[in-house]
Each structure stands twice: as structure tokens, then as C-alpha cells.
Amino acid sequence: PITEPFFDCSATDLPEERVIRLRKGALDGEALSLAWQAAKAPLLVVGQLDSAPAEQLSAVLAELPCPVLCESLSNLRGEHLIRNFDLTLISDANRRALAPDLVLYVGGHLVSKRLKLWLRSLRPSLCWRLSPEGAVADTFQCLTDVIVADIVTFIGSLAGKASVAQEEYRTKWEAAERATLSKRIAPSLYSSVSVSMNFCSRLPH
């Protein structure tokens, strides 16, 4: 039988308070730029974007000295972008080696569950959300700063400010993605894919 009380107040301590700072890009730009330059493994994550800002952002990202992980919904273009991060993060070794110390999140929805869970487990010391409206969206549950600024202008201010460690971190991501895509999966003797291929090969031309 269910008896009262229906809840338990046995917790001895309150949860640790976490502060999320609101930053103005125009006022705090210098301090944020210095924090970016001090980071050894900064990571830019781009979620869903409209096509108009995506076109402007694509040109700026080519000069950014860090790996850029972009969702398919980001509408970004460029050879420098990391698009296969979901496959890359399947490997335990990659998840350990590619851990960032600063995450900058731009855009809307993020589809990849693997990426979200990975960043939530890492809890990097700095996690920035860039939002022109100042919206607080703690996607990775470790948000430290909300930066109110134009996306293209702010990211453009970070371009070209690369350290050797940041270049090495970007190279590490690019190498991990290439290695992941180069692996060949052994074909299964019986699977939905093999059945479909066999069926299609027998169709009359």
C-alpha cells in the first residue's frame, strides 16, 4: 500500500550552484579574445542555421584556427569543416584524444545525440553560447557564458589568432576523421544491405 509522505527530504546538502555569465560582445570582446587565445583545444560546434547567415559564416570559418563541427542543418560549405564527427566519436580512443578545453556553440538545434552526450560527459572548463538575442540554451549542461553578439562579426574577430597547440588540435581532428572514413567495413554475408544489392543485381535492365 502507498503511505504518506509521498516524497523524501533526506538530502543533507543543496546542489552546487553554477553561474552562467552574460557577456556583451562589444564590451567583453577583448577578454573573450584573450580566453580564446589561451585555449589549447578550442572547438566550434555549429547547429541549425538559416541559409543567409550560413553563407556569410562559411567564408569566415575558413580562417578560423580550430576544428569546426557542423550539422547537416547548418547549411555551411567548405572543405575545412568536420562533418563526420558522429562516426569519428564512435571510437573510445578518439573520444579521449579529441577532448576540447573550450567549446563555442553557434546556431539552433543539434541532431547528434553522440556529440551532445560526449560534451556533457567532458564538461569543458569553458563553454560559450553565441546568441545575438542572448538566449540561454544549455545544450551540453555545462554552459559558462552567453555571448550577445553578431555571429559572423564575433567569429571573424577570432580568425587568425592561432597558437601552435590550436593548429595541432585541428590537425588531430582532421586526421581522426580521415582515418575513420578510410576504414572499410567487412561485408556481412546476410544483411538488409546485401539482400537489397543482390535483388537489384538480378533485376532486368
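A residue counts as buried when its relative accessible area is under 20%. In this predicted model, phenylalanine 140 has a relative accessibility of 2% and therefore counts as buried. Tyrosine 105, at 3%, is buried by that criterion as well.

Two aromatic pairs turn up when the whole structure is searched. In one of them, the ring centres of tyrosine 105 and phenylalanine 140 are 5.2 Å apart and the ring planes stand at 55 degrees, so this pair is tilted. Tyrosine 105 belongs to strand β4 (residues 102–106), while phenylalanine 140 sits in the loop between β5 (126–130) and β6 (145–148); the pair therefore ties together parts that are 35 residues apart in sequence.

## The tryptophan pair

The rings of tryptophan 118 and tryptophan 173 have centres 6.2 Å apart, with planes at 75 degrees, so the pair is edge-to-face. Helix α5 (residues 113–122) carries tryptophan 118 and helix α7 (residues 164–182) carries tryptophan 173, so this pair links parts that are 55 residues apart in sequence. Tryptophan 118 and tryptophan 173 are both buried.

## Nonpolar cores

The largest nonpolar core contains 28 residues, and Leu44, Leu104 and Ile155 have the most contacts inside it. At least two residues of this core come from each of α1 (25–38), β2 (42–46), α2 (51–61), β3 (68–70), β4, β5 and α6 (151–158). The element that gives the most is α6, with five residues.

Which residues does leucine 44 contact, leaving aside its neighbours within four places in sequence? They are Leu61, Leu64, Cys66, Pro67, Val68, Leu69, Leu104, Val106 and Ile155.

## Helix α2

In α2, the buried residues are Ala54, Leu57, Ser58, Val60 and Leu61. Viewed down the helix axis, the buried residues of α2 fall within an arc of 165 degrees, so they line one face of the helix. An α-helix has 3.6 residues a turn, so residues three or four places apart point the same way.

Glu55 and Ala59 lie on the other side of α2 and are exposed. What do the buried residues of α2 pack against? Their packing partners are β2, β3 and α6.

Note on methods
Residues numbered from 1 in each chain as written. Predicted model: local features only at pLDDT ≥ 70, side-chain atom pairs only at ≥ 80, totals over all residues. Heavy atoms only, no water. Phe/Tyr/Trp six-rings, centres within 6.5 Å; stacked < 30°, edge-to-face > 60°. Helix = DSSP H or I, 4+ residues; strand = E, 2+ residues; numbered from the N terminus. Buried < 20%, exposed > 50% of the residue type's maximum accessible area, 1.4 Å probe, protein only. Core = buried A, V, L, I, M, F, W, Y, C linked by side-chain atoms within 4.5 Å. Contact = heavy atoms within 4.5 Å. Arc of directions from axis to C-beta.
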